[in-house]
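Please keep the sequence and the 3D view at hand while reading.

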Amino acid sequence: MIQASDVVRSSHERAQQVVKDAENKAQHILADGKTKVNAIVAEAEKQAEDRRKGADAYAREVLFT
């Protein structure tokens, strides 16, 4: 009975460690994902601003000619 109890306790402790490790890994994955998303959004906003400026410049050029 004592050995079975030790095995169960040891298994439970190992399971808790596995869950903790998985949660930490998930947090890192989420953080990396957020960083990548922010970079993609920033690049998209920059491209949109560049296109708006280009369209404005073209419109001014067409109106003046």
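Accessible areas come from the Shrake-Rupley method with a 1.4 Å probe. On that basis, the chain exposes about 6200 Å², and carbon and sulfur atoms supply 60% of this area. The model shown here is predicted.

**Overall form**

The secondary structure of the chain comes to 1 helix and 0 strands. The helix, α1, covers residues 2-64. Along the principal axes, the C-alpha atoms fill a box of roughly 95 × 10 × 5 Å. The radius of gyration of the chain is 28 Å, whereas a compact globule of 65 residues would have a value near 11 Å. One pair of residues illustrates these dimensions. Lys 20 and Glu 49 are 29 residues apart in sequence, and their C-alpha atoms are 43 Å apart in space.

What share of the 65 residues in the chain is buried? Buried residues make up 0% of them. A residue counts as buried under 20% relative accessible area and as exposed over 50%, with partly exposed in between. Lys 20, which has its place in helix α1, stands at 49% relative accessibility and therefore counts as partly exposed.

**Charges and salt bridges**

The chain has 11 positive and 11 negative side chains. The centres of the two sets lie 1 Å apart.

| Salt bridge | N to O separation |
|---|---|
| Asp 6 and Arg 9 | 2.7 Å |
| Asp 50 and Lys 46 | 3.2 Å |
| Glu 49 and Arg 52 | 3.0 Å |

A salt bridge requires a side-chain nitrogen of Lys or Arg within 4 Å of a carboxyl oxygen of Asp or Glu. The positions of the partners along the helix can now be considered pair by pair.

Asp 6 and Arg 9 are separated by about one helical turn, because they are 3 residues apart in helix α1. Asp 6 has 35% relative accessibility and so counts as partly exposed.

Why are Asp 50 and Lys 46 separated by about one helical turn? These two residues are 4 residues apart in helix α1, which means a separation of about one turn. Asp 50 is partly exposed, with a relative accessible area of 41%. Lys 46 is also partly exposed, at 48% relative accessibility.

Glu 49 and Arg 52 meet through their side chains. They are 3 residues apart in helix α1, so about one helical turn lies between them. Glu 49 counts as partly exposed at 32% relative accessibility, and Arg 52 counts as partly exposed at 47%.

**Summary**

The predicted chain has 1 helix and 0 strands, and buried residues make up 0% of its 65 residues.

Note on methods:
Residues numbered from 1 in each chain as written. Predicted model: local features only at pLDDT ≥ 70, side-chain atom pairs only at ≥ 80, totals over all residues. Heavy atoms only, no water. Buried < 20%, exposed > 50% of the residue type's maximum accessible area, 1.4 Å probe, protein only. Rg over C-alpha atoms; globule rule 2.2 N^0.38 Å. Lys, Arg positive; Asp, Glu negative; His and termini not counted. Charge placed at Lys NZ, Arg CZ, Asp CG, Glu CD.
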